[in-house]
Amino acid sequence: GAAGPPIDVVRRKDAGKGVVTSAFDAFCYEPLPFRSAVQEGHTHVLVLRTRPDGFPIKTKPGIYERAVANVYFRSHGQPEVAS
C-alpha cells in the first residue's frame, strides 16, 4: 500500500514560479518506472526487482486498484487520479 499521504514538492524546473506538485508513492503510477525514464530520454536505467524472471504478472486489477486507490486519491484531493 501507499507509504502515507501525498507530499507537496517544488520541482527544480518550477522553482520561483510558485508551482507545487503532489508526490505519491511511485507504485501508484508505475510499479517499474523504466518506461517513463526511457520516454524522458534517460539512457541508463537501474531497476531493482523483488520477483524472479518468469514470475506471472497479474493483468487484472488487484485489490489495491479495485478498492483502495480510488479512496486513497479521492481522500487526498486527487479525484482526477482516482478515475
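**Aromatic residues and surface of a predicted chain**

Tyr 72 is found in helix α2, which spans residues 63-75; helices are DSSP runs (H or I) of at least four residues and strands are runs (E) of at least two, numbered from the N terminus. The model is predicted, so local features need pLDDT of at least 70 and side-chain atom pairs count only at pLDDT 80 or more, while totals for chains, interfaces and linings use all residues. Residues are numbered from 1 along each chain as its sequence is written, and side-chain values use heavy atoms, with hydrogens and water left out.

Tyr 72 counts as buried because its relative accessibility is 10%, where buried means under 20% relative accessible area, exposed over 50%, and partly exposed in between (1.4 Å probe, protein chains only). Tyr 72 also lies 8.3 Å from Pro 5, C-alpha to C-alpha, although 67 residues separate the two in sequence.

Aromatic pairing comes next. Rings of Phe, Tyr and Trp (its six-membered ring) pair if their centres lie within 6.5 Å, and planes under 30 degrees apart count as stacked, over 60 as edge-to-face and the rest as tilted. The count by this rule is 1 aromatic pair. Tyr 72 and Phe 73 form this edge-to-face pair, with 5.2 Å centre to centre and 80° between the planes. Both Tyr 72 and Phe 73 are buried. Elsewhere, Arg 51 lies over the face of Phe 55, at 5.0 Å from the ring centre; a charge sits over a ring if NZ of Lys or CZ of Arg is within 6 Å of the ring centre and within 35 degrees of the ring normal.

The chain as a whole has 3 helices and 2 strands, in the order β-β-α-α-α from the N terminus. Of its 83 residues, 14% count as buried. Among contacts (heavy atoms within 4.5 Å) with a separation of 6 or more, 34% join residues 24 or more positions apart.

The loop between β2 (21-23) and α1 (34-39) holds Leu 32, and Asp 25 lies in the loop between β2 and α1 as well. Leu 32 counts as partly exposed because its relative accessibility is 39%; for Asp 25, a value of 27% likewise means partly exposed. The C-alpha atoms of Asp 25 and Ile 7, 18 residues apart along the chain, are separated by 9.7 Å.

The accessible surface of the chain is about 7000 Å², with 57% belonging to carbon and sulfur atoms; such areas come from the Shrake-Rupley method with a 1.4 Å probe.
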